[in-house]
Amino acid sequence: MKAHLLYVEDDESLSFVTRDNLELQGYQITHCMDGKVALEKLKEQKFDLAILDVMLPEVDGFTIAKQIRRYDTETPIIFLTAKSLKEDKIRGLKLGADDYLTKPFSIEELILKIEVFLRRSKIIRPAQPSVFRLGTFEFDYENLHLSGAEMEKTLTQKEADLLHYFIQNKNTVLKRSDILTTLWGEDDYFLGRSLDVFISRLRKYLKPDTNLKIENIHGVGFRMVEKS
């Protein structure tokens with residue numbers, strides 16, 4: 001049984017073609033013509049992935065993504081946008097979206113992105129709970145939970161994936177391109193800006209432990225250092 005996707009798009013012609021192609025791939029599609037209806041559907045059931053147009057009647061795609069991330073840090077979100085402004089793309093990624101496609105887009109590219117994110121959401125996270133000691137912190141990757149230094153934080157899926165990747169490669173220089181390809185599926189300027197946002201968040205969370213540091217290796221990438 002293929003995944004159940006939420007598809008929110010108010011363009012009738014585009015949505016008909018896109019939905020038809022996705023259903024031919026075996027996906028179960030719930031299509032909504034406006035954001036208000038989409039929010040109601042999200043209250044009723046769980047989706048494996050959300051495809052959101054940015055400009056929508058009633059409630060826009062950014063607001064839908066924000067609502068999804070309030071209670072769900074795992075479901076992949078792909079934005080569809082006719083806008084090419086950097087600010088709009090970066091805003092979407094900051095809200096917790098995993099990727100975006102600028103209209104007009106190819107169905108093949110959309111399907112590829114869907115497959116990548118669905119596969120990653122099932123494979124990157126371990127089958128069994130994985131708990132790591134990181135300085136004075138305890139990191140429960142399976143449950144997206146970081147605790148220590150008199151703080152507790154529930155991470156987003158992407159924050160947890162990035163921290164897990166750093167832990168797996170502690171004291172090793174990681175290239176930006178490798179991080180982006182591993183966690184986002186491609187090396188892209190806008191995704192790179194999103195990576196910087198996530199790095200800043202992790203630094204803030206880990207700041208209470210002065211023996212932990214995510215170093216910026218100029219022109220190359222990053223390295224997580226844990227002093228003994």
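This text walks through the fold, from the whole chain down to single residues. The model is predicted: local features need pLDDT of at least 70, side-chain atom pairs count only at pLDDT 80 or more, and totals for chains, interfaces and linings use all residues. Residues are numbered from 1 along each chain as its sequence is written, and side-chain values use heavy atoms, with hydrogens and water left out.

Start with the whole chain. It holds eight helices and twelve strands. Both are DSSP runs, numbered from the N terminus: helices are H or I with at least four residues, strands are E with at least two. The C-alpha atoms fill a box of roughly 60 × 35 × 30 Å along the principal axes. A compact globule of 228 residues would have a radius of gyration near 17 Å; the chain has 18 Å, which agrees. That radius is taken over C-alpha atoms, and the globule rule is 2.2 Å times the number of residues to the power 0.38.

Now the sheets. Strands of a sheet pair through backbone hydrogen bonds, either parallel or antiparallel. Here two strands pair if DSSP finds at least two bridges between them.

Five strands make an open sheet with parallel pairing, in the order β2-β1-β3-β4-β5. The edges are β2 (28-32) and β5 (99-102); each has a single partner strand, so one side of each is left without a neighbour in the sheet. From one strand to the next, the twist averages 20°. Axes are lines fitted to C-alpha atoms, for helices over the stretch in contact, and angles run from 0 to 180 degrees between N-to-C directions. Phe79 has Tyr100 in β5 as its bridge partner. Helix α2 (residues 35-44) packs on this sheet and touches β1 (4-8) and β2. Its direction makes about 135° with that of β2. Contact means heavy atoms within 4.5 Å.

Two loops deserve a look. Glu58 sits in the loop between β3 (49-53) and α3 (61-71). Glu58 has a positive phi of about 70° although it is not a glycine. Pro104 lies in the loop between β5 and α5 (107-123). The peptide bond from Lys103 to Pro104 is cis, with omega near -5°.

Strand β7 (residues 137-140) runs antiparallel to strand β8 (residues 145-148), and three bridges join them. Glu138 has Ser147 in β8 as its bridge partner. Their hairpin has four residues between the strands, and Leu144 takes a positive phi near 60°. β8 then pairs with strand β9 (residues 151-154) in the antiparallel sense, over four bridges. The partner of His145 in β9 is Thr154. This hairpin has two residues between the strands; Ala149 takes a positive phi near 50°.

Met151 belongs to β9. Leaving aside residues up to four places away in sequence, Met151 touches Phe137, Leu146 and Tyr205. Met151 and Phe137 are 14 residues apart in sequence and 9.2 Å apart in space, C-alpha to C-alpha.

Helices α6 and α7 come next. Two packed helices are described by the angle between their axes and the distance between the axes. Helix α6 (residues 157-168) packs against helix α7 (residues 176-183) at an angle of about 130°, with the axes 11 Å apart. The pair is therefore oblique. Angles under 35 degrees count as roughly parallel, over 145 as roughly antiparallel, 65 to 115 as roughly perpendicular and the rest as oblique. From α6, Lys158, Asp161, Leu162, Tyr165 and Phe166 meet Asp178, Ile179, Thr182 and Leu183 in α7. The contact residues divide into five nonpolar, one polar and three charged. Ala, Val, Leu, Ile, Met, Phe, Trp, Tyr, Cys and Pro count as nonpolar, Asp, Glu, Lys and Arg as charged, and the others, Gly among them, as polar.

The tour ends at an open sheet of three strands, in the order β10-β12-β11, with antiparallel pairing. β10 (174-175) and β11 stand at the edges with a single partner strand each, so one side of each lacks a neighbour in the sheet. Helix α8 (residues 189-206) packs on the sheet, touching β11 and β12, and its direction makes about 150° with that of β11. Six bridges join β11 (residues 212-217) to β12 (residues 221-226). Leu212 stands opposite Glu226, and Asn216 opposite Phe222. The two strands form a hairpin with three residues between them, and Gly219 in the turn has a positive phi of about 75°.
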